[in-house]
Structure formats: structure tokens, C-alpha cells
Amino acid sequence: MRRKLLLGNWKMNKTVTEAKEFALNAKELGKLARQNKVDMGVCVPYICLAPVKKILKTSLIVGAENCHELDHGAYTGEISIPMLKDIGISWCIIGHSERRTYYGETSEACNKKLIALLNNGLIPVYCCGESLETYEKGETKAFVEEQIRTGFKDISEEDASKVVIAYEPIWSIGTGKNASKEIAEDICSFIRSIIKDLYGSKVSNRIRILYGGSVKPNNIKEYLTQKDIDGALVGGASLDVNSYKELLTNLL
Ligand code: PEP
């Protein structure tokens, strides 16, 4: 049985002061999530990681939004995995479409980060998803398949099931135009079939696949009742503690 997972992605939002206020108000939510067998957390800007982790401790997952694949070196402005580990961070988003689009991150580059995170015992949340143009050409599956096969290159069977995959069609992120539950389920089930082809059914039955793209309290349940959707990666609706709470209560 795969545990449901709700992850927020704050992107470049909230000052440390605002993040601490959110964390103080979200502290109790961890108990409710655990009681209902849901894993829940937020991925926050680097500067907010330590203060938010200090408040939330283990009550909610606190994850990073990106990392560098090397442990240290002359990479101005980057953050390494040992730096994240040192402040108790054990989750990290990789390959969000905004990083792919604005910073040219390729699936090959994401693969290096996935391997580095897994070697360090962290859980990667690997994002994939197609543009509107690719979707309209009917090429979603071929596009996503390449992202998955390249992203998982040289990852062992044992490590593969630790990865969380987030399917996020770019045309649905922050646009309010969410993919229908049928489209989301079709692609998540397709992703699971690629994982089965790569690693067999033990891994494909265990790996968690999230949907992301304009998930809100009023539509979360329709996604999370689909067979192959194990949770959601949520941007906008994770910024406000009340809608973040509603995301959980509305799926119970
Ligand atoms: C995201 O940032 O990954 C996302 C899905 O954003 P939103 O929920 O705002 O569409």
C-alpha cells in the first residue's frame, strides 16, 4: 500500500519571517496527517530551510527545491547536498519545469542530481511533464518517457523505489487550467508502466507518483482517488496555511 503524499513547493516566495509564521501555524497539521496515514510537507527556498526545519522538526517534511550534484567546489550561488544534510533536510525537488525552462536543466543534469541525492540518503522528487505545444501535438507520452528513462539512468532497483515522481504538465502549472483527472491518471499510469519496464513490478508497485498543476482544495480529491496518483505537488495552494490545511482535510 503506497502512502499518500502531499508536498508544497513555495518556489521564490516568502521571506524568512513569513516562512516562520507559516511553520508555527502548520505545526499541528503533522499530527492530523500522520493520524490519517498521509505524508505531508513543504519544499521551501534555501534561506528558509533551517528556520522552518527548526520549528517543524519531524512534524512535517521540509525539503529543498533544488541542489547541486557535487559536494563542494567553485560553483558560486549553488547549494550542495552535504549542506542540506547538515541542517537535517532529507528531501529535494529535482527538475521542476521552471528550472528546466529558465535555467536549461536537462534530464541528463537531473539524473546526476538524482544519483547524488540517493547516494547521500536523500529522497528526490523528480519532476517531469510536457509543454502545451507538446501536449497539443499529442506527443506527451514520448516526451515524458524520455524524461523518465534519462532521469533514472544508472539508478539501481533498490534506489529507484525511493524516488518520488511528480507529473506536472507545464500548461497546468500556476495557470488554473488543471489537467482532467483522466489525463492525469493516464500519464501517471503510463509512467508507472515505464518504471515496470525498467525495474519490474515490485518497484513499479512501490514507487510514488504525484500529480501537480493547479491542485487546489476543491479538486484534490478527484486526483487522489485515481489508481496511479499517490499524491500532489502543490504550488500556489501551499502558500497559505489555511488552504494548505484544506488540501489535507479535503482528501480525507
Ligand atoms: C508547482 O509549482 O509545482 C505547481 C504545481 O504549481 P501550482 O500548484 O501553483 O500550479
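**Helix H3 and its setting**

A: This is a predicted model. Eight strands form a closed barrel in the order S1-S2-S3-S4-S5-S6-S7-S8, and their pairing is parallel. On average, neighbouring strands of the sheet are turned by 25° against each other, direction ignored.

Helix H3 spans residues 46–56 and packs on this sheet. Its contacts there include strand S2 (38–43) and strand S3 (61–64). The direction of H3 makes about 170° with that of S3.

Now the residues. Cys48, Leu49, Val52, Ile55 and Leu56 of H3 are buried. Seen down the axis of H3, these buried residues fall within an arc of 145°, so they line one face of the helix. The general rule is that an α-helix has 3.6 residues a turn, so residues three or four places apart point the same way.

The cover over the buried residues of H3 includes strands S2 and S3. Two helices also belong to it: H1 (16–26) and H4 (81–86). The face turned away from the buried side carries Ile47 and Lys54, both exposed. Lys57 follows H3, and its phi is positive, near 45°.

S7 (residues 208–212) and S8 (residues 231–234) run parallel and are joined by three bridges. In this pair, Leu210 stands opposite Gly231 of S8.

Terms used
Residues numbered from 1 in each chain as written. Predicted model: local features only at pLDDT ≥ 70, side-chain atom pairs only at ≥ 80, totals over all residues. Heavy atoms only, no water. Pairing = 2+ DSSP bridges. Helix = DSSP H or I, 4+ residues; strand = E, 2+ residues; numbered from the N terminus. Axes fitted to C-alpha atoms, helices over the stretch in contact; angles between N-to-C directions. Contact = heavy atoms within 4.5 Å. Buried < 20%, exposed > 50% of the residue type's maximum accessible area, 1.4 Å probe, protein only. Arc of directions from axis to C-beta.
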